[in-house]
Amino acid sequence: MAELQRAAAALESGEFQTGPPGQRHTQPTRETWDPAESVIVVAGAAARVGATVVAMALAETAGTVVRLVEAGPMHTTGLADATTAELGVHATGWRQGQRDLVLIERTTSSHARPEDVPAPVPTERALTVVDIGWDLTRVVASGSWLAAALATYPLVLTTTATAPGIRALESAMNVCGRNDVHAIVLGPDHKKWHKTVTTTAAATGAVVQLAQLGRLHTLPYDRHLAISGLDRAPLPPAVLRAAKSVLTAATHPLEGNSHVR
């Protein structure tokens with residue numbers, strides 16, 4: 001009877017035990033997230049392709065009070081030097097900071113799996129930008145709130161103006177199972193792409209379709225960002241202009257949660 005009571009208590013608290021005796025571990029029930037505000041999701045088609053810079057630029061150009069949630073593990077953060085004021089750690093484990101009108105929330109643990117990341121706390125801000133910060137294959141397989149966000153809200157994928165970058169973009173679209181994304185390619189305007197990149201893009205059906213639909217955008221290379229990453233310095237005007245164009249295209253009209261139908 002005592003064992004049954006403990007099991008019932010574990011279920012009620014959202015935890016259960018797995019594994020053989022002596023090797024059991026507690027697994028939390030996966031969290032869900034149902035935000036009241038508008039949401040836009042940013043994800044890199046590969047590692048280190050500017051997703052966090054793009055997420056920050058989108059947040060800064062929104063023209064309203066915004067929250068930026070960086071969901072990747074703590075040790076991969078690109079926002080450690082980006083805040084102008086640190087606000088401490090929320091009870092749910094999100095470290096909060098401020099950068100002008102943008103509330104920045106980042107994880108405080110080096111989570112091993114996407115499903116370990118806690119759901120964002122409720123906010124009264126008009127828009128939340130989610131920087132996924134994980135390999136997309138792992139996110140989709142996780143069944144987490146991140147997977148749901150990736151499938152539900154306006155999605156911006158980032159990559160680089162290289163042949164591998166273009167191929168990674170197509171792969172990311174296939175992993176996400178979506179063809180309604182917007183893509184930002186870091187590098188020169190597509191008219192100035194290297195011939196190899198242009199040829200690769202022309203042979204990539206999904207990328208060709210993005211271009212035809214006006215969903216393929218470029219973000220200019222910035223030497224300071226490439227070397228130093230995000231810090232307290234203002235983002236370059238050219239980066240902000242490009243981000244504003246993408247934000248308008250991806251979220252207009254910006255009303256509530258635009259679920260994918």
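A: Happy to! One term to start: buried means under 20% relative accessible area, exposed over 50%, and partly exposed in between (1.4 Å probe, protein chains only). This is a predicted model, where local features need pLDDT of at least 70 and side-chain atom pairs count only at pLDDT 80 or more, while totals for chains, interfaces and linings use all residues. Residues are numbered from 1 along each chain as its sequence is written, and side-chain values use heavy atoms, with hydrogens and water left out.

Q: What lies 2.7 Å from a polar atom of its side chain, arginine 99's I mean?
A: The backbone oxygen of aspartate 231.

Q: New topic: how many residues of helix H4 are buried?
A: In H4 (residues 145-152), 6 of the 8 are buried, among them Trp145 and Leu150. The buried residues of H4 pack against several elements, including E6 and helix H5 (163-176).

Q: What about histidine 182, buried or exposed?
A: Histidine 182 counts as buried, because its relative accessibility is 5%. Its place is in strand E10, residues 182-186.

Q: Which side chain does the histidine 182 side chain make a polar contact with?
A: That of histidine 217, at 2.9 Å. A polar contact is a pair of N or O atoms within 3.5 Å; within protein, one must be able to donate a hydrogen and the other to accept it, and residues adjacent in sequence count only if both atoms are side-chain atoms.

Technical notes. Helices (H or I, at least four residues) and strands (E, at least two) are DSSP runs, numbered from the N terminus. Contact means heavy atoms within 4.5 Å.
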